[in-house]
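Have the sequence and the coordinates open while reading. The text goes through selected parts of the fold in order.

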Amino acid sequence: CRGEEPYIGFRIEAYLERGAARLMLEDHDGAQEDFAVVRFLAPGAIEPDLLLGKAYHLEGKVDLARKHFEKLLEGAGTRREESRLWIAALYTSLREFREALAWASGLANPPLRERLRSYLLLRVGDGPGAVEAARAAIEAEPESASAHILLASALRWILYDDRALKEETIL
C-alpha cells in the first residue's frame, strides 16, 4: 500500500533464507552478512545469532562461535534457558556432542537437562554417565517415558560394551 511502511517481516525472512542458502553453498562471509542484517532488523531474535554462530563454526572459527554463543547467552535475559537449549541443539546437529553436552549441562530445568545429558553422554561413549543422568531425569520426572527409554538405551549400551570386552579377552 502506498504511504505505509513495508512489512519488515518479509525482509527479515528473506535475509534469513538467503543466509541459510549461503551457508549451504559454503559462502560463510555472505551468510554472516545476511545474519548480521537480521540481527539489526530484529534485535531480540535468537535465530540470527544461532545461525551466525553456526556460520563461524562451519568456517572453522570455533572459538569465535563459542564466544558469540556466550555473548548471546549473556544478553538473552528471560530467554536464557531457551537460548542455551538451542545452542546445545545446534551443536548436536553439527555432531559436536561434547560441545553440546557442555551447553546442555548448564540448563536449569533438571528433567530436561538430565535427559539431554544422558543422550549426549551416550553419543560420546560414556555409558555409565548416561545411566546416571537418565536415573537423575527419572528421579526428577518419574512419568517421563523418554527418561526411561534413555535409561534402557544406556543400560543396553553398557551390556553390549561388557560383552565386547569379554569377547576380546577370549581372543
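Predicted model: local features only at pLDDT ≥ 70, side-chain atom pairs only at ≥ 80, totals over all residues.

Start with helix 2, residues 28–41. With 14 residues at 1.5 Å each, helix 2 should span 20 Å, and its end C-alpha atoms are 20 Å apart, so the two values agree. The buried residues of helix 2 are H28, G30, A31, Q32, D34, F35, V38 and L41. Their cover includes helix 1 (8–24) and helix 3 (47–58).

The loop between helix 1 and helix 2 contains E26. E26 is not a glycine, yet its phi is positive, at about 65°. Its relative accessibility is 63%, and because the cut-off for exposed is over 50%, E26 counts as exposed.

Two packed helices are described by the angle and the distance between their axes. For helix 6 (residues 97–104) and helix 7 (residues 110–123), the axes come within 9 Å and cross at roughly 160°. An angle over 145 degrees counts as roughly antiparallel, so helix 6 is roughly antiparallel to helix 7. The crossing of helix 6 past helix 7 is left-handed.

Which residues in helix 6 and helix 7 meet? From helix 6 they are F97, A100, L101 and A104; from helix 7 they are R113, L116, R117, L120, L121 and R123. By class, this contact has seven nonpolar residues, three charged and no polar ones.

Key
Residues numbered from 1 in each chain as written. Heavy atoms only, no water. Axes fitted to C-alpha atoms, helices over the stretch in contact; angles between N-to-C directions. Helix = DSSP H or I, 4+ residues; strand = E, 2+ residues; numbered from the N terminus. Parallel < 35°, antiparallel > 145°, perpendicular 65-115°, else oblique. Left-handed = near helix turned anticlockwise from the far one by under 90°. Contact = heavy atoms within 4.5 Å. Nonpolar A, V, L, I, M, F, W, Y, C, P; charged D, E, K, R; others polar. Expected span 1.5 Å × (residues − 1). Buried < 20%, exposed > 50% of the residue type's maximum accessible area, 1.4 Å probe, protein only.
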